[in-house]
Amino acid sequence: MASGFIRNAWYMAGWAHELDQGKIARRIIDVPVVVIRSAEGAPYALHDRCPHRFAPLSRGRVTERGIECGYHGLTFDRDGTLVANPLTGVLPAACRVRSLPVHIQDNVVWIWMGDAEKLDVASIPRFACFENPNYRFVYGVIDAKANYQLLTDNLLDLTHAAFLHPSFGGLSYRPKASMTQQGETVYAHYLVKDIPNPDFPEIFWSSHGKNVDLWDDIRWNAPAAMYLESGVVLAGRPREEGYIVPAVHVQTPVTAARTTYFWASALPADSSLQDDEYQAFMSKAFATEDLPMIESIEDRMEGSPLWDLEPVMLREDAAAVIARRIVDTRIKAEAAAVESAG
Ligand code: FES
Ligand SMILES: [Fe+2]
């Protein structure tokens, strides 16, 4: 069993379009999984390790019957049952693979990593923005050598933009931060008034040289799924006159010190900006500004849990701290349930 992660949760395994390749192989909370596109019906997921000699099934071939291991040809169906043994025809009942529930919603392939009887599709956070015809989206997948919660902290705390992101306002971006909580959903809010329009959002929403007000509203759901709305309007004008751009950021733990970071960012559907230009603009901010900082923080923490190092928290850290508490509480509750059952 994985430790240090919530098990009874949906984790993002990939963008739905990644399944166009036939399968997605990822390690999630330290478990290797493969999600397989099926010719007849919904995709399915299996533990990505053949029970014979432990070859990754993702190195095999998808057939009509299931996935054929690329080492000795055993084939497993969507339930993980062995259905073909090309060498002897023998099908030992013990030779089976764990199957994991998959659900596709809002362009995201979700996978349930916990106990099947606790599965709850209604708990998956919604990203209705993908249905909005006023936007088109660019997508990214980043391999980050850092704990997933450091990446969550980073997004829930946008005050770092002043120092890390010249194209998002740089030193003129000094926002007022606030947060709210509804059940296990955390909201962080940022507002900055009367500054020159930064490259983002100027890149798709020009203020024609006038100052603007900017705001960011972020919704967080455990373990690490975030929906952002970044707004811009001419300084002093009502928000309704402005423009809002949505974004989705989901961090999937690979191991305690590695994360698959999924992001999607919108631009106006009718923008003359090319998708690849916008993709490059957004990737640059993350890959050359956030990522080196966060990976070096991971390195400096030397594998210690955050609280063990007694960080000095500031008021602006409130949303990230509450989000961490929610995750910690869920992990403890799962451990207590396992202990009382055992
Ligand atoms: S390792 Fe998969 S069939 Fe042998
Ligand atoms: Fe950042």
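**Entry 1: contacts and overall fold**

I began with contacts in the protein chain between residues at least 6 apart in sequence, and 55% of them join residues at least 24 apart. I note here that the model is predicted.

Next I looked up the secondary structure. The protein chain has five helices and 18 strands.

Then I checked the dimensions.

Of the 342 residues, 51% count as buried. The chain exposes about 16,800 Å², and carbon and sulfur atoms supply 52% of that area.

**Entry 2: the iron site**

I went to the iron ion (ligand 2) and asked which protein atoms are its donors. I found NE2 of His 160, NE2 of His 165 and two OD atoms of Asp 290. These donors lie 2.0 to 2.6 Å from the iron ion.

I then looked at the geometry. The angles among the four donor atoms run from 54 to 147°, and the site is irregular. For a tetrahedral label, all angles would have to lie between 85 and 135 degrees, so the range of 54 to 147° rules that label out.

I wrote down the spacing of the donors along the chain as H-x4-H-x124-D. Are the two histidines buried or exposed? Both His 160 and His 165 are buried.

I moved to helix H1, residues 148-156. Nine of its nine residues are buried, and the helix is mostly covered. Among them are Tyr 148, Gln 149, Asp 153 and Asn 154, as well as Leu 155 and Leu 156.

What caps the N-terminal end of H1? I found Asn 147 there, with a side-chain oxygen 2.8 Å from the backbone nitrogen of Gln 149.

I stepped back to Ala 146, in the loop between strand S12 (135-144) and H1. Ala 146 has a relative accessible area of 0%, so I list it as buried. Leaving aside neighbours within four places in sequence, its contacts include Leu 151, Ala 257, Arg 258 and Thr 259. Ile 294, Glu 295 and Glu 298 are also in contact with Ala 146.

Ala 146 and Gly 303 are 157 residues apart along the chain, yet their C-alpha atoms are separated by 9.5 Å.

**Entry 3: His 249**

I looked up His 249 and placed it in strand S17, residues 243-255. Its relative accessibility is 12%; buried means under 20%, so His 249 counts as buried.

Which side chain makes a polar contact with that of His 249? I found Tyr 261, at 2.6 Å. Tyr 261 is also on the list of residues in contact with His 249, with neighbours within four places left aside. That list includes Phe 262 and Trp 263, along with Ala 224, Ala 225, Met 226 and Leu 228. Leu 155 is on it too, and I had already met Leu 155 as a buried residue of H1.

**Entry 4: Gly 80**

I found Gly 80 in the loop between strand S7 (75-76) and strand S8 (82-84). Gly 80 counts as buried, because its relative accessibility is 0%. Beyond its neighbours within four places in sequence, Gly 80 is in contact with Leu 46, Arg 96, Val 97 and Ser 99. I also checked Gly 80 against Arg 61. The two are 19 residues apart in sequence and 15 Å apart in space, C-alpha to C-alpha.

I turned to cis peptide bonds. One joins Phe 200 and Pro 201, with omega about 25°. I placed Pro 201 in helix H3, residues 199-202. Another cis bond joins Ala 222 and Pro 223, with omega about -5°. Pro 223 sits in the loop between strand S15 (211-221) and strand S16 (225-234).

Asp 194 has a phi of about 60°, and its place is in strand S14, residues 185-196. Glu 302 has a phi of about 50°. Glu 302 lies in the loop between helix H4 (275-301) and helix H5 (318-341).

Is Glu 302 buried or exposed? Its relative accessible area is 69%, so I recorded Glu 302 as exposed.

Technical notes
Residues are numbered from 1 along each chain as its sequence is written. Chains are lettered from A and ligands numbered from 1 in the order in which they are written. This is a predicted model: local features need pLDDT of at least 70, side-chain atom pairs count only at pLDDT 80 or more; totals for chains, interfaces and linings use all residues. Side-chain values use heavy atoms; hydrogens and water are left out. Donors are N, O and S atoms within 2.8 Å of the metal (3.2 Å for Na, K and Ca); water is not among the atoms, so sites may look incomplete. Four donors count as tetrahedral if all angles lie between 85 and 135 degrees; four count as square planar and six as octahedral if opposite donors are over 155 degrees apart and all others between 65 and 115; anything else is irregular. Buried means under 20% relative accessible area, exposed over 50%, partly exposed in between (1.4 Å probe, protein chains only). Helices (H or I, at least four residues) and strands (E, at least two) are DSSP runs, numbered from the N terminus. Contact means heavy atoms within 4.5 Å. Accessible areas come from the Shrake-Rupley method with a 1.4 Å probe; for residues, only the protein chains shown count as cover. A polar contact is a pair of N or O atoms within 3.5 Å; within protein, one must be able to donate a hydrogen and the other to accept it, and residues adjacent in sequence count only if both atoms are side-chain atoms.
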